[in-house]
Amino acid sequence: MRAWAEVWGVPFLEIHRRVGSTNDQLMGIAEVKGASFSVVIADEQTAGRGRAGTRWHSPAGSGLLMSVLLPALSAPDFYAPLIVGLAVARAVETLADGVRTQIKWPNDVFIEGGKVAGILCESAGEWMVAGIGVNIRTPVEGFPPEIADRASSLEETCRLTLAPNQVAGVLISELRTVKALVDDFRPLGRLPSGLHEELRSRDALSGFLVMTQQEGGGVARGIDERGALILEREDGSRVRVVSGSVTPG
């Protein structure tokens with residue numbers, strides 16, 4: 001572990017064969033000895049979760065399950081998963097030349113219509129724990145029926161055989177780059193223009209009819225500079241969606 005910590009330039013690294021949740025593990029560490037870019041990685045989670053308490057399917061040997069400790073954003077916190085999502089998208093494209101990734105607001109990374117990664121950012125006092133799950137391989141038994149129609153893996157979409165440490169190293173590097181760009185804009189509560197345009201170019205929902213938990217149905221009209229989803233209703237009015245799930249309409 002010490003060797004990988006030095007290669008990746010992280011102050012603290014734990015690697016587990018099995019853990020309940022990498023986010024929970026890192027939250028406990030943050031309370032005792034928090035340091036920016038501390039990392040916890042596991043091969044398998046027994047209590048992995050996504051947004052709103054949904055279960056993250058994470059069997060052994062199928063993906064990268066990683067949590068990274070970052071300083072808490074001042075405002076708005078809800079764009080944190082988008083920032084982490086950009087780092088994941090960039091890392092995948094670095095590893096798989098010619099592949100184009102998309103980001104589904106607020107916290108998923110897609111390739112060719114299949115979800116290959118999910119992000120869960122949780123507050124831990126002065127810290128934010130960024131949980132990242134990347135489907136590297138399709139599980140031998142396949143994905144559970146409830147997600148089989150939308151889940152995919154890098155192996156399936158990119159035709160690549162990657163090791164978790166390969167993905168982790170590039171992802172940590174990209175996350176460090178994105179964080180540095182965001183830091184200067186943190187007091188303004190908005191995304192840097194370059195990252196905002198990149199998000200808009202990767203937006204998987206733009207122009208599609210969707211149903212939002214917060215504001216009901218409408219057509220997705222992009223992501224604004226503060227990270228909110230813009231929803232256009234039937235009467236032409238537009239509202240900002242800042243929380244909740246989004247599904248195809």
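Which residue lies over the face of F37? In this predicted model, R176 takes that position, 4.6 Å from the ring centre. The numbered points below take up further features.

1. Aromatic pairing. When the whole structure is searched, one aromatic pair is found.

2. Length of helix α2. This helix comprises the twelve residues 22–33.

3. Buried and exposed sides of α2. The buried residues of the helix are T22, N23, L26, M27, I29 and A30. Viewed down the axis of α2, these buried residues fall within an arc of 165 degrees and therefore line one face of the helix. E31 and V32 are exposed and sit on the face turned away from that buried side.

4. Setting of S153. This residue belongs to the loop between β7 and α4 (154–158). S153 has a relative accessible area of 0% and is therefore buried. Neighbours within four places in sequence aside, S153 contacts V116, N135, I136, R137 and T138.

5. Polar contacts of S153. The side chains of S153 and T138 are joined by a polar contact of 2.8 Å. The S153 side chain also reaches the backbone nitrogen of E156, at 3.2 Å.

Methods
Residues are numbered from 1 along each chain as its sequence is written. This is a predicted model: local features need pLDDT of at least 70, side-chain atom pairs count only at pLDDT 80 or more; totals for chains, interfaces and linings use all residues. Side-chain values use heavy atoms; hydrogens and water are left out. Rings of Phe, Tyr and Trp (its six-membered ring) pair if their centres lie within 6.5 Å; planes under 30 degrees apart count as stacked, over 60 as edge-to-face and the rest as tilted. A charge sits over a ring if NZ of Lys or CZ of Arg is within 6 Å of the ring centre and within 35 degrees of the ring normal. Helices (H or I, at least four residues) and strands (E, at least two) are DSSP runs, numbered from the N terminus. The expected span of a helix is 1.5 Å times one less than its number of residues. Buried means under 20% relative accessible area, exposed over 50%, partly exposed in between (1.4 Å probe, protein chains only). The arc is that of the directions from the helix axis to the C-beta atoms. Contact means heavy atoms within 4.5 Å. A polar contact is a pair of N or O atoms within 3.5 Å; within protein, one must be able to donate a hydrogen and the other to accept it, and residues adjacent in sequence count only if both atoms are side-chain atoms.
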